[in-house]
Amino acid sequence: MNTGHPETPLLAVDLIIRHAAHPGRVLLIERRNPPAGWALPGGFVDRGEPAERAARREAKEETDLDVRLEILLGVYSDPERDPRGHTVSLVYVARGEGEARAQDDALTLRWIDPEDRRQTLAFDHRRILDDYLRFRVTGEVAPLRNGGV
């Protein structure tokens with residue numbers, strides 16, 4: 001059915017969650033649903049929902065943490081970043097409060113050193129963590145990439 005609206009990518013949010021109890025580390029979830037693997041917490045923005053609210057909701061649903069969004073690290077829009085289809089993700093750096101517990105789409109959680117490259121990550125989340133590491137050193141958000149690459 002043609003509604004007259006353009007066909008657009010899905011919109012998602014992902015979070016780099018830091019926590020005072022885990023200095024220098026960030027939270028990963030082991031995904032319950034395909035595609036399997038370890039990833040940053042996040043999910044899709046619901047129709048009528050601001051992206052910032054979606055980020056806080058997804059953090060709570062997957063990790064049981066309340067989060068305070070600190071900065072928008074970047075927008076990730078490579079059409080190949082998600083095997084399920086073209087998905088654009090807004091990535092926030094956030095401070096978590098409470099005790100993290102795997103919920104909803106998360107099988108388990110793990111606090112990792114973002115510099116440790118031994119953990120294979122789903123989607124483009126290694127690239128996102130590399131941008132986060134640059135942000136930690138320089139204070140600069142994710143660089144723009146020509147053509148999404």
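Modeller: A quick word on naming: helices (H or I, at least four residues) and strands (E, at least two) are DSSP runs, numbered from the N terminus. With that in hand, α1 is followed by Asp64, whose phi is positive, near 65°.

Biologist: What kind of model is this?

Modeller: This is a predicted model, where local features need pLDDT of at least 70, side-chain atom pairs count only at pLDDT 80 or more, and totals for chains, interfaces and linings use all residues. Residues are numbered from 1 along each chain as its sequence is written, and side-chain values use heavy atoms, with hydrogens and water left out.

Biologist: OK, sheets. What's the strand order in the open sheet of 4 strands?

Modeller: The order is β4-β1-β6-β5, with mixed pairing. Two strands pair if DSSP finds at least two bridges between them. At the edges sit β4 (42-44) and β5 (66-76), each pairing on one side only. From one strand to the next, the twist averages 25°.

Biologist: How many bridges join β5 to β6?

Modeller: There are 9, and β5 and β6 (residues 87-97) run antiparallel. As one example, Ile71 stands opposite Val93 in β6.

Biologist: Which strands of the sheet does α1 touch?

Modeller: Helix α1 (residues 51-63) packs on the sheet and touches β1 (10-18), β4, β5 and β6. Its direction makes about 60° with that of β1. For that angle, axes are lines fitted to C-alpha atoms, for helices over the stretch in contact, and angles run from 0 to 180 degrees between N-to-C directions. Contact means heavy atoms within 4.5 Å.

Biologist: And α2, which strands does that one touch?

Modeller: Helix α2 (residues 125-138) also packs on the sheet, touching β1, β5 and β6, and its direction makes about 105° with that of β5. Just after α2, Gly139 takes a positive phi of about 80°.

Biologist: Back to α1. Which of its residues are buried?

Modeller: Those are Ala51, Ala54, Ala55, Glu58, Ala59, Glu62 and Thr63. They cover an arc of only 135° around the axis, which puts them on the same side of α1. Buried means under 20% relative accessible area, exposed over 50%, partly exposed in between (1.4 Å probe, protein chains only). The arc is that of the directions from the helix axis to the C-beta atoms.

Biologist: What do the buried residues of α1 pack against?

Modeller: They pack against β1, β2, β4, β5, β6 and β7.

Biologist: New topic: what's the order in the sheet of 3 strands?

Modeller: That open sheet goes β3-β2-β7, and the pairing is antiparallel. β3 and β7 stand at the edges with a single partner strand each, so one side of each has no neighbour in the sheet.

Biologist: Why is β2 largely enclosed?

Modeller: 5 of the 6 residues of β2 (residues 26-31) are buried, so the rest of the structure largely encloses this strand. On β3 (residues 38-39), β2 has 2 bridges: Glu30 stands opposite Trp38, and Ile29 stands opposite Ala39.

Biologist: How many residues lie between β2 and β3 in their hairpin?

Modeller: There are 6, and Gly37 in the turn has a positive phi of about 130°.

Biologist: Let's talk cores. Which residues have the most contacts inside the largest nonpolar core?

Modeller: Val13, Leu15, Ile17, Leu27, Leu65, Val67 and Tyr92, in a core of 18 residues. The elements giving two or more residues to this core are β1, β2, α1, β6 and β7, and α1 gives the most, with 4 residues. A nonpolar core is a set of buried Ala, Val, Leu, Ile, Met, Phe, Trp, Tyr and Cys residues joined through side-chain atoms within 4.5 Å. Apart from this core lies another, of 16 residues, including Val26, Leu28, Trp38 and Val93.

Biologist: One more: where is Pro41 found?

Modeller: Pro41 is in the loop between β3 and β4, and is buried, with a relative accessible area of 0%. Leaving aside neighbours within four places in sequence, the contacts of Pro41 include Val13, Leu27 and Thr63. Pro41 and Val13 are 28 residues apart in sequence and 8.5 Å apart in space, C-alpha to C-alpha.
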